Amino acid sequence: MTALDVSPAAPTPTAPVPAVVPERSTPRPLGLAGWPRVVRTLMMMAGAAAAIGVAFSNPDRRVPEFRTEWLLWAAVAGLLGALSGSTVGSGVARWHDLQQIHRVPVRRVLPSMFAFLVVVAGSVVTAHAILGSGLTWRAVAFVSLVVLGALPAGATLAGVRIVAMRGLSGTPGEQLAALMRLRRMLSRVLQMMGSLLLVMVLVCAAAVGWGSSEKIPQSTAFVIGAAGSILIALMHVPTATLLRRRCQVYIDEFSDLAHVAKAELISAAEDRIRLEEILGVNRTTISELQSGLVIVGPLAATAIAAVIPKI
């Protein structure tokens, strides 16, 4: 037998090579671990210390007759300071999330923040003209803590307004995801500001009806609550309106019913309705403000102000 007579060897079957699946890592949210969490904790402690320091400046803390009322007031003030520090961290986190959606330079939001501070100063002057001695320097100090805590959240609102005016780029799916994140961001910022306002009004309510040198009238809680509600509405309403219009433009562009076949018209209409619900275009500004406790807060705190002196 020669080498030519040898039959060639059959090829050896090889096992299929599994496809390599790329690893996916979920980015860690800002503020859940690491230095952002430590910084937020430190800001909460600093805010609580500042608020309690203001409360300790009240000489009535040494008067046995007002000891219980002062302790309640100081405890609510400490809660306000801690919440203000936490809101700073939350606002910075929301600003970081906004930069991931669309880069907004800080200089673009500076005019809005300056206008906000001017309106706050005007509101304080107006409240002093209405309340007179009922608006003490301690109340102004607590208002300053609230304003400092709300500045990053206010900057985020201004940034969302800029993004809504400019519009978004990318595929329809990318634009939808960005709009959903912006809507969620807007809701969280409103809730943060509403919580700050509620606790601020509770501080005023806890100061009503006691004190040897300073008597705080019940109208203080209502005036500060109403002024705070107006300020938050002035910041929130333009942003919410522009974002709602941007969502409506997206729906009109990518869920148009004009050229849908008759057989698919009902299905397309149902998809459009679901998309409108997801993006919240049917929600009114008043309902959004109520969900953020901006309207309910002053009313509840005013009722508390009438009850606390009788406890």
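Let me start with one residue. Leu42 is found in helix H1, residues 35–56. Helices here are DSSP runs of H or I with at least four residues, strands are runs of E with at least two, and both are numbered from the N terminus. Before going on, a word on the source: this is a predicted model, so local features need pLDDT of at least 70, side-chain atom pairs count only at pLDDT 80 or more, and totals for chains, interfaces and linings use all residues. Residues are numbered from 1 along each chain as its sequence is written, and side-chain values use heavy atoms, with hydrogens and water left out.

Back to Leu42. Is it buried or exposed? Leu42 counts as exposed, because its relative accessibility is 51%. The cut-offs are these: buried is under 20% relative accessible area, exposed is over 50%, and partly exposed is in between, with a 1.4 Å probe and protein chains only.

Val38, Leu42 and Met45 form a nonpolar patch, and together they have about 310 Å² of accessible area. A patch takes residues with over 30% relative accessible area and no salt bridge; like charges are joined within 9 Å, and nonpolar side chains (Val, Leu, Ile, Met, Phe, Trp, Tyr) within 5 Å. Areas come from Shrake-Rupley with a 1.4 Å probe, and for residues only the protein chains shown count as cover.

Now the whole chain. The protein has 9 helices and 0 strands. It has 311 residues, and 43% of them count as buried. The accessible surface comes to about 17400 Å², and carbon and sulfur atoms hold 66% of that. Next, contacts, meaning heavy atoms within 4.5 Å. Take those with a separation of 6 or more: 83% of them join residues 24 or more positions apart.

On to the core. In soluble globular proteins, nonpolar side chains tend to be buried together. A nonpolar core here is a set of buried Ala, Val, Leu, Ile, Met, Phe, Trp, Tyr and Cys residues joined through side-chain atoms within 4.5 Å. The largest one has 72 residues, and Trp73 and Phe142 have the most contacts inside it. Which elements give two or more residues to this core? They are H1, H2 (67–101), H3 (106–131), H4 (137–166), H5 (172–206), H6 (219–254) and H7 (265–279). H5 gives the most, with 17 residues.

Look at Phe142. Leaving out residues up to four places away in sequence, Phe142 touches Ala51, Val54, Trp73, Ala77, Leu80, Met200 and Val203. Its relative accessible area is 2%, so Phe142 is buried. Trp73 is buried too, at 4%.

That brings in the rings. Ring centres of Phe, Tyr and Trp (its six-membered ring) must lie within 6.5 Å to pair; planes under 30 degrees apart are stacked, over 60 edge-to-face, and the rest tilted. A search of the whole structure finds 3 aromatic pairs. One of them is Trp73 with Phe142, edge-to-face, 5.9 Å centre to centre and 80° between the planes. Trp73 lies in H2 and Phe142 in H4, so this pair ties together parts that are 69 residues apart in sequence. Tyr250 and Phe254 form a tilted pair, at 4.9 Å and 50°. Both lie in H6, 4 residues apart, about one turn of the helix. Tyr250 is buried at 7%. Phe254 is partly exposed at 35%.

Last topic, charges. A salt bridge is a side-chain nitrogen of Lys or Arg within 4 Å of a carboxyl oxygen of Asp or Glu. The structure holds 4 of them. Arg94 bridges to Asp97, with the closest N and O atoms 3.0 Å apart. Both lie in H2, 3 residues apart.

Where does Arg272 come in? Arg272 forms a salt bridge with Asp252, closest N and O atoms 2.6 Å apart. Arg272 lies in H7 and Asp252 in H6, so the pair ties together parts that are 20 residues apart in sequence. Arg272 also meets Glu276 in a salt bridge, at 3.4 Å, N to O. That pair stays within H7, 4 residues apart. As for burial, Arg272 is buried at 15%, Glu276 counts as buried at 15%, and Asp252 counts as partly exposed at 38%.
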